[in-house]
Amino acid sequence: MLKNRKILVLFLVVLLGSGTLFSFVTKNDKLFAIAKNLDIFASLVRELDSYYVDDIDPEELVTIGINAMLEELDPYTEYIPEENSDDFRMMTTGEYGGVGALIGNRTGTNMILMPYKGFPAQEAGLRIGDELLKVDSIDVREYETAEISKLLKGPANTNLKVKVKRGEDTLAVELTRKKIVISNVPYYGMIDEQTGYIKLTDFTTNAAADVRKALVDLKSQGAQKLVLDVRDNPGGILKEAVEVVNLFIPKGREVVSTKGKLQSVNAVYKTEKAPVDKDIPLVVLINERSASASEIVAGALQDYDRAVLVGRKTFGKGLVQSTVPLSYNSQVKLTTAKYYIPSGRLIQAIDYSNKDEEGQGRSIPDSLRNEFKTKGGRIVLDGAGIEPDQSVDSRTYAPITFSLVARGLIFDFANKFSRQNEEIPGPRKFKVSDELYEEFVEWLQDKEYDYTTRVEKTIADLEKYAEKEKYFEEIQDEIAQLKKSVGHNKEQDLITFKDEIKDALKDEIITRYYYQEGVVEASLDRDEEIKKSLTVLGDQNQFAMILKPGKKK
């Protein structure tokens, strides 16, 4: 009975707000419909709790109902119950109390995937690949990753013990939790004598300060050109995006405007400070996973002809979310506005107000995309993310490489290597030698890593459809010959795709010694987008031609 009362109170609180039930309902038909349906919902939950044949968990059932309702709107509107508030705060601020390690499940085992440099887990000697056995006195081998994560987190300056398995050894490690602040810039450095590079992975609190610090330091090292990398950056706080743009354009310029149903969400965001450098030649790297605040930065710099964008078309998220508090310390993050970059374009790629027969939002067709102009007169289009000025195709990998990575074999070999080798050269100096590669190939001899190549899959599909359409008997000899001709040979594939497998091995091994920033640094010399950036920045005539007025994007 107490549960029923709590649920009824919850809905009445939402319904009543600051007025009485009857005065609220009579305002208009829409509010009456809301009141009516909330009452029906509360009655339904109450009757289910009373009469359903099995016991139900009203709180769980209501949460399922809320989530199903929000899924009808867009993917960015979500309910945040009280127990998830800490995780949400960490996502938006980059701060939490814990040990400073990314954990996950690899091939059925919970383990350390990345200790963050300078934080308790790394300082206490925990390594990538350490299998988690116990947290304090709790055996966590059968726990979900999220459950272990909650055990590891806690107030700063509190102690805990972790037992891990490393190879054949079992280790007990004592740690003291601390406030963890994850930098938005995991790496910055000089690509060559003149070109600086900044990797920006998030837009949590202090993102702009992190970029500013990196930019000032790079300039002190002699950087005369800059590559800002927002690939795979999912976005975050809008204010931080505005301040990042402000590092490169003068005070008083519009960066983004937001427009929604309520006047309170309509705003124009302008640069408020003097830039750090408004003239340094700038390339911004983007890809299909650059979203939201990343697109504001890239789009605004493109609209002002301030940077050349290199890479691939961005995700296309032009929607703004706000967090609204609800009863019992829960929250809802909901879409309240759309944002428009300086040229006036909305870069949202999916229309969630116009869904297809399966309830999915529709892509905006090319025929409905509108033309806008950058400050210098270049034509840009809305409705499909930010398009690069210089395109670079995404790298593709052979099926054998995918299999070796997906089955954790490269991961496991890197663990074995790190247990046998105390140190390696720096990220840009370390190489996977032919001898080490041969050792890896030998180690694979008793490991399972079969796979299907694209050609083999195509032949399998041909065989299936030939049987279905009664042609198989006529062409079965040809199909058999094709299978024989293209059937993959793992030993040969290890030779054919040696270079890309070496690259995967190199990255995995480097993480054991230099962590996340080491992998970024190691990629600088073989990253195709960075190579393209250096070409663009190395020819100022080409740089100027790309930004030439009238050039169509």
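Reply: A contact here means that heavy atoms lie within 4.5 Å. In this predicted model, 68% of the contacts between residues at least 6 apart in sequence join residues at least 24 apart. The protein has 553 residues, and 43% of them count as buried. Its chain forms 19 helices and 23 strands.

Six strands make up an open sheet with mixed pairing, in the order β10-β11-β12-β15-β16-β23. The edge strands are β10 (187-190) and β23 (390-391), each of which pairs on one side only. Between β10 and β11 (residues 195-199) the pairing is antiparallel, over four bridges. Two helices pack on this sheet. Helix α10 (residues 293-303) touches β12 (225-229), β15 (282-286) and β16 (308-311), and its direction makes about 140° with that of β15. Helix α18 (residues 528-538) touches β11, β12, β15, β16 and β23, and its direction makes about 160° with that of β15.

Now the rings. The structure contains nine aromatic pairs. One of them joins Y76 and Y352, whose centres are 6.3 Å apart and whose planes make an angle of 85°, an edge-to-face arrangement. Y76 lies in the loop between α4 (58-71) and β1 (78-80), while Y352 belongs to strand β19 (residues 350-355), so this pair ties together parts that are 276 residues apart in sequence. Is Y76 buried or exposed? Buried means under 20% relative accessible area; Y76 has 13% relative accessibility, and therefore it counts as buried. The ring of Y76 has a charged neighbour too: K317 lies over its face, at 4.6 Å from the ring centre.

A second pair is formed by F440 and W443, and this one is stacked, with 6.2 Å from centre to centre and 25° between the planes. Both residues lie in helix α13 (residues 434-443), three residues apart, which is about one turn of the helix. F440 and W443 are both buried. They also belong to a cluster, in which ring pairs link F413, Y437, F440 and W443.

Another ring with a charge over its face is F411, where R106 lies at 4.3 Å from the ring centre.

To go back over the two pairs: Y76 and Y352 are edge-to-face, whereas F440 and W443 are stacked. The pair of Y76 and Y352 spans 276 residues of sequence, and the pair of F440 and W443 sits within helix α13.

Conventions:
Residues are numbered from 1 along each chain as its sequence is written. This is a predicted model: local features need pLDDT of at least 70, side-chain atom pairs count only at pLDDT 80 or more; totals for chains, interfaces and linings use all residues. Side-chain values use heavy atoms; hydrogens and water are left out. Buried means under 20% relative accessible area, exposed over 50%, partly exposed in between (1.4 Å probe, protein chains only). Two strands pair if DSSP finds at least two bridges between them. Axes are lines fitted to C-alpha atoms, for helices over the stretch in contact, and angles run from 0 to 180 degrees between N-to-C directions. Rings of Phe, Tyr and Trp (its six-membered ring) pair if their centres lie within 6.5 Å; planes under 30 degrees apart count as stacked, over 60 as edge-to-face and the rest as tilted. A charge sits over a ring if NZ of Lys or CZ of Arg is within 6 Å of the ring centre and within 35 degrees of the ring normal.
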